[in-house]
Amino acid sequence: MAPNTTDVNGVLFESDAATPDLALSRTPVQQADSYPRKLVWRNIIAFTYLHIAGLYGGYLFLFSAKWQTAVFALILYIMSGLGITAGAHRLWAHKSYKAKWPLRLILVFFNTMAFQDSAIDWARDHRMHHKYSETDADPHNATRGFFFSHIGWLLVRKHPQIKEKGKGLDLSDLYADPILRFQKKYYLLLMPLVCFVLPTVVPVWAWGESWLNAYFVAAMFRYAVILNVTWLVNSAAHKWGDKPYDRHIQPAENLSVALFALGEGFHNYHHTFPWDYKTAELGNTRINLTTAFINLFTKIGWAYDLKTVSDEIVRSRVQRTGDGSHALWGWGDEDIAKEDVTNAIRINPKDE
Ligand code: ST9
Ligand code: ZN
Ligand code: ZN
């Protein structure tokens, strides 16, 4: 798929990288302010309820729930988080690695628990986000402000450009997967069971938790937190942070987001090299749990064909388009021996 540089704003897959200066030739369209917002009251009411319930759940998490329920909520947070990061994002939206069916089944289960709509729909919007970043065809166009890119985009009808330009997306790989088709077809049945019923029933049944604590902590609090952490990648990581790889784009390196988002948040790198399964330059699995998870499944062969980017390509891009903040190559000091600094900077030089 050869990108049309007059229309497309960002790379999506490895094959798009043949146009390395795409970032420099982008032509953002900014008509959003003149586009009338059509509020979706169903969503406004649902998200208001969710946030009130989530806050109450946070209170119960701290002061009332059994410790088993708190641990359970944390485990569900990680499981549903991986359903987004390792599943919807790195596997399905970006095809940055391949997964055998048992792993895809696990990921689709985790993904359904995260309730961010079916993985096919999530990947469709996310491909638009990369291809048309910060334009009206980007579902959470960050040029419309922090609130819009965080949650506002889910409270209004989509901009016509999203539907118009979205017709050109190739989603055949997603529809070819029977597991993804099954999830989409039965989503309204599966999602409530896995995201709300299961997290509520297990603590009551397994360790005698109250229904109140189980529902508000393991279901509502956990769901509200994970949604907001995910949305922070669209809002905060498109606003604050260094741009060591490409200073011409809005996505930035945001460590605080990455810590909560299981390794997503190194967003300047990710928008520059979206096909890298690590979504970050360094394979530091201590703060990139998703990378550790994929690496683990590589060991048993369920994850394979992992795509990444060579040091040479990263370095040349840093020197050409970075903002000078890259710890190793940012200031272009040729006297520093690459190996010495690489070993000093990389917490785990072998890329786990
Ligand atoms: C949620 C998603 O929260 C969050 C995603 C965040 C993404 C983050 C990415 C960051 C990187 C990854 C980091 C992960 C970190 C995770 C950390 C974890 C610890 N292309 O949508 P509709 C067409 S979901 C092509 O209804 P409206 C299509 O024909 C929360 N065509 O538009 C479609 O029909 P169909 C829970 C497109 O009516 C038709 O338009 N979910 C495209 O304007 C209608 O589509 C909710 O709250 C496209 N991209 O409504 C539901 N899009 O689908 C929220 C649309 O049949 N959504 N078309 O093919 C909605 O209610 C609605 O979508 C709406 C817009 C009201 C927002
Ligand atoms: Zn982004
Ligand atoms: Zn992405």
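1. Basis. In this predicted model, local features need pLDDT of at least 70 and side-chain atom pairs count only at pLDDT 80 or more, whereas totals for chains, interfaces and linings use all residues. Residues are numbered from 1 along each chain as its sequence is written, and side-chain values use heavy atoms, with hydrogens and water left out.

2. Helix packing. Helix 2 (residues 67-93) packs against helix 9 (residues 187-207) at an angle of about 145°, the axes being 11 Å apart. Helices here are DSSP runs (H or I, at least four residues); axes are lines fitted to C-alpha atoms over the stretch in contact, with angles from 0 to 180 degrees between N-to-C directions. Gln68, Thr69, Phe72 and Leu76 of helix 2 meet Pro199, Val202, Pro203 and Trp207 of helix 9, contact meaning heavy atoms within 4.5 Å. These residues comprise six nonpolar, two polar and no charged.

3. Tyr97. This residue lies in the loop between helix 2 and strand 1 (98-99), strands being DSSP runs (E) of at least two residues. Tyr97 is buried, with a relative accessible area of 2% (buried means under 20%, with a 1.4 Å probe and protein chains only). Its C-alpha atom is separated by 5.3 Å from that of Asp305, 208 residues apart along the chain. Not counting residues up to four places away in sequence, Tyr97 touches several residues, including Arg90, Tyr277, Tyr304 and Asp305.

4. Largest cavity. Its lining includes Asp136, Arg144, Trp153 and His159. By class, the lining has five nonpolar, two polar and five charged residues.

Conventions. Chains are lettered from A and ligands numbered from 1 in the order in which they are written. On a 1 Å grid over the protein atoms alone, a cavity is a set of points where a 1.4 Å probe fits but cannot get out, and a pocket is an open set with protein on both sides within 12 Å along at least five of seven lines; lining residues have an atom within 4 Å of a point. Ala, Val, Leu, Ile, Met, Phe, Trp, Tyr, Cys and Pro count as nonpolar, Asp, Glu, Lys and Arg as charged, and the others, Gly among them, as polar. Buried means under 20% relative accessible area, exposed over 50%, partly exposed in between (1.4 Å probe, protein chains only).
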